[in-house]
Amino acid sequence: MTWIPTAAPVAGLKVTAIDTIPGTPTSVYVGTEASGVFFSNNTGATCTAKNAGLDTLAITTLAVAPNPFIGGVFPVYVGTKVYGFYQSFDNAASWQSFNK
């Protein structure tokens, strides 16, 4: 594996967690210390913020489920510093708290 610099907006941010969609290593989720979650479907050449529904942008952990739900969507889970855990069942378009 070769590491290369990523595209904005992730470049220069402190990455705290990273995971790929199983079977699709070019699709990457990245958690950051203070800017939330980002997604790239081209190995980081471009990234999109995916923070709708998060009460904080301080991501400490991130995981993509090993198996998809019906329809082929892989659940994504994040842990945060203050507000606990969140889950997404729509490719990180929105997040729901485990704690509410």
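User: Is Phe85 buried, partly exposed or exposed?

Analyst: The structure is a predicted model, and the values discussed here are computed from it. Phe85 has a relative accessibility of 45%. Buried requires under 20% and exposed requires over 50%. Phe85 therefore counts as partly exposed.

User: To which class does Phe98 belong, buried, partly exposed or exposed?

Analyst: The relative accessible area of Phe98 is 42%.

User: How are the rings of Phe85 and Phe98 arranged?

Analyst: A pair of aromatic rings is described by the distance of the centres and the angle of the planes. For Phe85 and Phe98 the centres are 6.4 Å apart and the planes stand at 35°, so the pair is tilted.

User: Which parts of the chain does the pair of Phe85 and Phe98 link, and which residues form a cluster through ring pairs?

Analyst: Phe85 belongs to strand 7 (residues 85–88), while Phe98 is in the segment after strand 8 (96–97). The two residues are 13 residues apart, and their pair links distant parts of the chain. The cluster joined by ring pairs consists of Tyr77, Phe85 and Phe98.

User: How many helices and strands does the protein have?

Analyst: Read along the sequence, the pattern is β-β-β-β-β-β-β-β. The protein accordingly has zero helices and eight strands.

User: Which residues of the largest nonpolar core touch the most other members, and which strand gives the most to this core?

Analyst: The largest nonpolar core has 15 residues, and those that touch the most other members are Tyr29, Val37, Leu54, Val78 and Trp95. Two or more residues come from each of strand 1 (15–21), strand 3 (37–40), strand 5 (59–64) and strand 6 (76–80). With three residues, the element that gives the most to this core is strand 5.

User: Which residues does Val37 touch, leaving out those up to four places away in sequence?

Analyst: Several of the residues that Val37 touches, including Tyr29, Leu54, Val78 and Trp95, are also named among the core residues that touch the most other members.

User: Is Thr56 buried or exposed, and which residue's backbone nitrogen does its side chain reach?

Analyst: Thr56 is found in the loop between strand 4 and strand 5. With a relative accessibility of 16%, Thr56 counts as buried. Beyond its neighbours within four places in sequence, Thr56 is in contact with Thr80 and Tyr83. At 3.2 Å, the side chain of Thr56 reaches the backbone nitrogen of Ala58.

User: Where does Cys47 lie, and how far apart in space are Cys47 and Ala11?

Analyst: Cys47 lies in the loop between strand 3 and strand 4 (48–49). At 17% relative accessibility, Cys47 counts as buried. Cys47 and Ala11 are 36 residues apart in sequence, and their C-alpha to C-alpha distance is 9.8 Å.

Key:
Residues numbered from 1 in each chain as written. Predicted model: local features only at pLDDT ≥ 70, side-chain atom pairs only at ≥ 80, totals over all residues. Heavy atoms only, no water. Core = buried A, V, L, I, M, F, W, Y, C linked by side-chain atoms within 4.5 Å. Buried < 20%, exposed > 50% of the residue type's maximum accessible area, 1.4 Å probe, protein only. Helix = DSSP H or I, 4+ residues; strand = E, 2+ residues; numbered from the N terminus. Contact = heavy atoms within 4.5 Å. Polar contact = N/O pair within 3.5 Å; in protein donor to acceptor, adjacent residues only side chain to side chain. Phe/Tyr/Trp six-rings, centres within 6.5 Å; stacked < 30°, edge-to-face > 60°.
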